[in-house]
Amino acid sequence: MMIAHITDPHLVRRQETLFGLDPMHRLDRVLTQIEREYANVRLCVISGDLTDRADAEAYTMLRERLTNFPIQTRLMLGNHDDRAEFRSVFRDTAADAHGFVQSFDDIDGVRFIYLDTLAPGSTEGQLCEKRLTWLADTLTAAADKDVAIFTHYPFRRIGLPHFEGMLLSNPDAVMSLLKAHGRVRHIFCGHVHVSMSGQWDGIPFTSSAGTAHQILPDFSSRDARFVAKPPQFDIATFDGNSFRVTGVEAEERQVLAISAGV
Ligand SMILES: [Fe+2]
């Protein structure tokens, strides 16, 4: 099974740019490339910062772009988003009983869980008691399944000083639930605009660099330098036990030669 992870499109209103870039055009290049080159992707997840300033117009642009996108797509919220504005445009989006944009899909025996880590007014993300209870129940109901977690905010440190104060505020509560389940195979996150992988408490994680501006991976400075690189998305394949993730840059590439398989 193959899935696509897209993050941080930071869409703005028509005629506007962001750091001189056109976020909608960059997202469009990613969606077009997935459709063209990875047509057997079963699921596409966009893990937050759908817009840069939570404009209804930007959400509407996203809705219109996805109308004819043939792959099942799930949308999540990031710190640049607004829950109410998002839900006013995506009226039929799945949410939990308290209105948090949290849901899951079961595909080929894997439960894909999409978390709502947005905490308005805070630089940190959060899963409050209500959201943690939902997560606990959702994991309990999938005791016989492998699980993949999608979150905008990384749960634990990623080694970049710029993000030290901008992670999830209560990672221990979340990680204890994930470890107790025992079959959480991967955590996919956005937010950092840097491509990275590693482990938290023994569970593999991957952050995708996203489709908008990217950040230079600086391991010493608290300041972040935004740069223009090709928009990126991740393709993840599940082999029945673990996810293998590869970052793909959306750009035209010339095939130099074809080495025949043996
Ligand atoms: Fe972002």
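At roughly what angle do the axes of helix α1 and helix α2 cross? I looked this up in a predicted model, where local features need pLDDT of at least 70, side-chain atom pairs count only at pLDDT 80 or more, and totals for chains, interfaces and linings use all residues. Residues are numbered from 1 along each chain as its sequence is written, and side-chain values use heavy atoms, without hydrogens and water.

**Helix pair.** I found that α1 (residues 23-37) and α2 (residues 56-66) cross at roughly 20°, with axes that come within 12 Å. That makes α1 roughly parallel to α2 (angles under 35 degrees). I noted the crossing as right-handed (the near helix is turned clockwise from the far one by less than a right angle). From α1, Met24, Leu27, Asp28, Leu31 and Thr32 make the contact (heavy atoms within 4.5 Å). From α2, Met61, Leu62, Arg65 and Leu66 take part.

**Sheet.** Next I traced an open sheet of 6 strands, in the order β4-β5-β6-β7-β9-β8, with mixed pairing (at least two DSSP bridges between two strands). β4 (103-107) and β8 (196-200) each have a single partner strand, so one side of each lacks a neighbour in the sheet. Neighbouring strands are turned by 20° against each other on average, direction ignored. I checked β8 against β9 (residues 203-207): they run antiparallel, joined by 5 bridges. Gly198 has Phe205 of β9 as its bridge partner.

**Helices on the sheet.** I saw α4 (residues 129-140) touching β4, β5, β6 and β7. The direction of α4 makes about 175° with that of β5 (110-114). Helix α5 (residues 171-181) lies across β6, β7, β8 and β9, at about 145° to β7.

Definitions and conventions
Axes fitted to C-alpha atoms, helices over the stretch in contact; angles between N-to-C directions. Helix = DSSP H or I, 4+ residues; strand = E, 2+ residues; numbered from the N terminus. Parallel < 35°, antiparallel > 145°, perpendicular 65-115°, else oblique.
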